[in-house]
Amino acid sequence: MDKKQVAIIGAGISGLLACKHCISKGFNPIVFDLESDIGGVWLKTIKTTRLQAPKALYQFTDFPWPESVVDHFPTQQQMLEYLRSYATHFDLMPHIKLQSRVKAISYDGPASQTWNSTGESFPSEGKWNVTVNHTRTATTQVYIVDFVILCLGRFKDVPNIPEFPAGKGPEVFRGKAIHSMEYAAMDHDKAAALVKGKKVVVVGFGKTGLDIARECSSANGPEHPCTIVYRRDHWKLPDWAPWGIPLTYFYLNRFSELLVHKPGEGFLLSLLATLLSPLRWGISKFVESYIKGKLPLAKFDMVPQHSLSKDVRSCMILYMPDPDNFFDEVEKKSINLKKSKSISFYENGICIDEDNTQIEAEIVIFATGFKGEEKLKDIFESSRFGHFIAGSPRVPLYRECIHPQIP
């Protein structure tokens, strides 16, 4: 029997895992990635980016970190070397086609033959057509496969930039307005030169916004302060062991999953989550008290209005390495913090809409995330499949893996 052909789109962590699993099951995977190297989101980051989870929580179960990596939070280069070693160790590279952009995916087969109706991974009829543009050779090829695995990632490629009314957007700004994706794609020396001696405004206070602001403050100091403009506060971790107890004991385990309500849960799980809600509240307050004691959040009006548990559930919690250094920069006015629900541009910077405060800037960097669902939706020739993938603000998939109405 011929081996089943599986197309895997994306050569980041998920793509590498999918490729290894397909090989172990006797399939023939082909991995396509538009970049010139493997690594996915780790391939292009800003200079100071590090893993924000301890490496023990971020490794392949069958390929641990090498002993030579002693940092608990590896750098971008260490991450890339680790991923390349994984791909080499399991002989994945022969299956990977780099500089290969997938332009379209279409399905030839019965429209009614879905996961829901057959229960089989590979339909008895039907094939997927994957149209790929090989950028290095400037050729286009259509691959016919039995199955497609999307490992595109949601945090790259399609930037999320706020929309502005006419006359109040970046077009009226005399300076330079870019997305963090563009900043991360620059050579590190070029990125440093871009912000050196400039007044920079960073819009967004997630991990990327924090890293960029720290780079700017390190380069410019209080003479050219960096301003972070953000909508609301989120909880920030000074370390991963509140009161000496690893955070994984509170949130990252199977028991903690019982404490929260989940979509489509049955009566017993719903009842259990309700009965355990006082414990959930107590754990949240316990960790919050530690964070408030370690970080001067109240001093800088940075105490979130919601619980830590909410940020954990929505993956909005942020690890802040070397927090004393960050708050020293805020104290010295090398970094300014400004909360605002909306902003607009004027010739020389941005305007805070709530109080009409004007902040002068020469560069505005949007660290406002990505529209990952857009590239998932647009990759299908069928608008019906695209709607299944991106029919709501959040990708409506079971664990973001498979929609039952796609073959």
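Predicted model: local features only at pLDDT ≥ 70, side-chain atom pairs only at ≥ 80, totals over all residues.
Five residues of H1 are buried, namely Gly-15, Leu-16, Ala-18, Cys-19 and Cys-22. Viewed down the helix axis, these buried residues fall within an arc of 165°, and they therefore line one face of H1. The elements that cover them include strands S1 (5-9), S2 (28-32), S3 (96-97) and S7 (147-150), together with helix H2 (76-89). H1 is followed by Gly-26, which has a positive phi, near 85°.

With a cut-off of 2.5 Å between cysteine sulfur atoms, the count of disulfides is zero. Cys-22 takes part in no disulfide, since the nearest cysteine sulfur, belonging to Cys-19, is 7.0 Å away. Cys-151 is likewise in no disulfide, and its nearest cysteine sulfur is that of Cys-22, at 8.8 Å. Cys-22 counts as buried, at 5% relative accessibility, and Cys-151 is buried with a relative accessible area of 12%.

The structure contains 15 salt bridges. One of them joins the side chains of Arg-50 and Asp-71, with an N to O distance of 3.5 Å. Both residues lie in the loop between S2 and H2, yet they are 21 residues apart, and the pair thus links distant parts of the chain. Arg-50 is partly exposed at 36% relative accessibility, and Asp-71 is partly exposed at 29%.

A salt bridge is also formed by Lys-127 and Asp-146, whose closest N and O atoms are 2.3 Å apart. This pair connects strand S5 (residues 127-134), which holds Lys-127, to the loop between strand S6 (139-145) and S7, which holds Asp-146; the two residues are 19 residues apart. Lys-127 is partly exposed, with a relative accessible area of 36%, whereas Asp-146 counts as buried at 10%.

Asp-301 and Lys-339 form a further salt bridge, with 3.3 Å between the closest N and O atoms. Asp-301 counts as exposed, at 51% relative accessibility, while Lys-339 is partly exposed, at 33%. These two residues and Asp-233 are linked in a network of salt bridges.

Key: Residues numbered from 1 in each chain as written. Heavy atoms only, no water. Buried < 20%, exposed > 50% of the residue type's maximum accessible area, 1.4 Å probe, protein only. Helix = DSSP H or I, 4+ residues; strand = E, 2+ residues; numbered from the N terminus. Arc of directions from axis to C-beta. Contact = heavy atoms within 4.5 Å. Salt bridge = Lys/Arg side-chain N within 4 Å of Asp/Glu carboxyl O.
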